[in-house]
Amino acid sequence: MLFPTVEFGLFFVSVLLIAWSLHCFNGPHKLFLLLASYLFYGFWNWSYVPLLFCISLFSGLIAQRIQASSSQRLRKIWLFAGVVVCLATLGYYKYTSFFFTISLELWARVARPPSITIPSPLLPLGVSFFVFHAISLMMDAYRGKLKQAVRLGDALLYVAFFPQLIAGPILRASSFIPQLTSPRNPATIRVNRAFLLIVAGLFKKVVISNLLATRLVEQVFAAPQTFGRGDALLAIYGYAAQIYCDFSGYTDIAIGCAMLLGYRFPRNFNAPYSATNPQDFWRRWHISLSSWLRDYLYIPLGGSRGSAARTSSNLMITMLLGGLWHGAGWTFVIWGALHGFYLIVHRIWNSIPWQPVVQLRQTVAWRWIARLLLFHAVCFGWVFFRAPSFDIAFALLHRLTIPGVFTLASVPVMLALFLGLAGQYEPLRWRKALECELRYWPTLLRGAAFAVAIFAIELLGPSGVAPFIYFRF
Amino acid sequence: MRALKYNSLSQLVTVIVGFTITILLLESEALLRWAQRLEVGEAANIAVQTTGELHRVLQPLHIEWARREGLADLDRLGWSDDPARRQAAQRMDASGASVHIQPCAAMAATAGLPVPGRSAVTLLHPARIPLSPSTPTSTLLPPLAAVTKGQPRVVALAGDSMMAVGLSDPKGRWFKSSPRNQ
């Protein structure tokens, strides 16, 4: 069930009304949300609901075992077993085909490979996200971040809660499970903020992202050899705007829906293309994933505590695995490696003690140059992230050297590109001012205004609903 | 202190009521179209009946005019992703005629879609329009083999006909969910 569909609209309004009518009874309220989450997931494919249930149940049981164990060694064993099972599940569904293909290719270099059918299980929707939630639950239990004993029902709902189930944000068990312990308070619902988030998210997804995808990016990435420099450049910038609007749009809708249900989700994007260095970029882009990788991978690897070489290797490992998490393909590995390289170069640049460089780093002009450089470095990485193969990626990069005009630069495309890239500079105070202003409107009129906004979005968006980019991760 | 007051449950319900009424008024035609494209089944029948009834009740208000005008204006601006619609809008704009880009009537009729200006209800009982004597009133199709109980009947639909009857979505979903097609 995609967010910008009638099906989801009907589903969500029904869930919202029933959930709030049950809010005084915390147990039934949570049970209802859990069943609604399974229904939401089952709408895609019922046969994978048992997998979701088993992963959540397993992580809940392991978290309970960890909390109940007094021996540190035993706690470590439980955690290790839990993480291995979760990663094995992810590996089976996501990387089996990739692993077999690589193995056969390597085999073919030394001998004639056996003729076997490469197993390729259907990738369960959002498996990377719910497996990361399951790991977060066990890790937080191990680190003692969960103050209260984990209840199985809470663990099931934490992993399967529908607004974040398919494409995040990746919630921490330590921030979400405490919200499940007490009944939701209707007085804390921020209706205006939630609706504004949903409307903004729908606009980003349905209008900007879909327009850029259908009118620009898909055409150029499908056959880059038929376009010249102008269109190739436009498509690369277009994809940067498309992926930002697609994913941050999804996150905005998810946060807005959760807010209407009375739950708080963390912010997942913070004007990422305004970052001045790669480290800053990863503090602004998919914040929940980058902080997850930092806390559960980079720091356990040693973080920046060792030598410069050790820190660089930790950064590279983290980014390579982060790239692989996005998809089982070499293009994703290269994308991760590029970002690892950017982070290492930035650390080296920052550690140069030469006075003129230190002074240069502090100037406003340099900050803008750095912002521009980083944006283009990120765009370069997006080429590998988006391209289905290296051939396409290199063909597109090669087209940047072939003279050509902007044949795809129509008014809607340019407007969407501008809004997609410049929209993130929208001052937060504008949205807050609008939120405050709406409080003075008659309540019924507010609802009507949101409906008119959604109507306008539906008119402006291209026909059909493209799936969110992050659904396949 | 007014600005600091958060919304209560009753306010949430009122906002949802306002939202629902407005969206039904503005989108009743689009909802009917959505229902007609659902996978064939009991749920789709209920959805078509409900949205059809809703559209029949709301149609006299002519609120779908806002939608059509909006789409026509967007077509004139070159916003539509359909080149035929854009060209038609430009042609009609140049001739100074009022712009109402209508979906292909034949396709809409096949899909049971309401053609702008005619409700779904009138489609079921179309008005008699005088036809040229040479226009064929029916097309003779080769008879289908009789249905055998327990045996599936295969009907081949391709391209636009699949889109027209709204089977592209279910087909796409089936294709996606079939392990052999991954």
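Tutor: Let's begin with a term we will need: a residue is buried if 20 or more other C-beta atoms lie within 10 Å of its own, and partly exposed if the count falls between that and the exposed limit of 12 or fewer. Keep in mind that this is a predicted model.

Student: Is His286(A) buried or exposed?

Tutor: His286(A) sits in the loop between H11 and helix H12 (287-301) of chain A. The cut-off for burial is 20 or more other C-beta atoms within 10 Å. His286(A) has 22 C-beta neighbours inside 10 Å, so His286(A) counts as buried.

Student: What is the phi of His286(A)?

Tutor: His286(A) is not a glycine, although its phi is positive. The value for His286(A) is about 40°.

Student: Where does Ala271(A) lie, and what is its phi?

Tutor: Ala271(A) belongs to the loop between helix H10 (229-260) and helix H11 (278-284) of chain A. Ala271(A) is not a glycine either, yet has a positive phi, of about 45°.

Student: Let's move to helices. At what angle do the axes of H9(A) and H18(A) cross?

Tutor: Helix H9 of chain A covers residues 191-222, and helix H18 of chain A covers residues 411-422. Their axes come within 9 Å. The crossing angle is roughly 135°, which means that H9(A) is oblique to H18(A). The handedness of the crossing is left-handed, and the angle itself is roughly 135°.

Student: Which class has 10 residues in the contact of H9(A) with H18(A)?

Tutor: From H9(A), the residues taking part include Val207(A), Ile208(A) and Leu211(A), while those from H18(A) include Pro412(A), Val413(A) and Ala416(A). By class, the contact has 1 polar and 1 charged residue, and the class with 10 residues is nonpolar.

Student: Which element of chain B gives the most to the side that touches chain A?

Tutor: The contact takes 33 residues from chain A and 30 residues from chain B. On the side of chain B, the elements giving two or more residues are helix H1 (9-36) and helix H3 (64-76). That side divides into 17 nonpolar, 10 polar and 3 charged residues. With 15 residues, the element that gives the most is H1(B).

Student: In which hand does H20(A) pass H1(B)?

Tutor: The axes of helix H20 (residues 443-460) of chain A and H1(B) come within 7 Å and cross at roughly 40°. That angle makes H20(A) oblique to H1(B). The crossing is right-handed.

Student: How many nonpolar residues are in the contact of H20(A) with H1(B)?

Tutor: Residues of H20(A) in this contact include Leu444(A), Phe450(A) and Phe455(A), and those of H1(B) include Val15(B), Phe19(B) and Leu26(B). Besides 6 polar and 2 charged residues, the contact has a nonpolar count of 14.

Terms used. Residues numbered from 1 in each chain as written. Chains lettered and ligands numbered in written order. Predicted model: local features only at pLDDT ≥ 70, side-chain atom pairs only at ≥ 80, totals over all residues. Axes fitted to C-alpha atoms, helices over the stretch in contact; angles between N-to-C directions. Helix = DSSP H or I, 4+ residues; strand = E, 2+ residues; numbered from the N terminus. Parallel < 35°, antiparallel > 145°, perpendicular 65-115°, else oblique. Left-handed = near helix turned anticlockwise from the far one by under 90°. Contact = placed C-beta atoms within 7 Å. Nonpolar A, V, L, I, M, F, W, Y, C, P; charged D, E, K, R; others polar.
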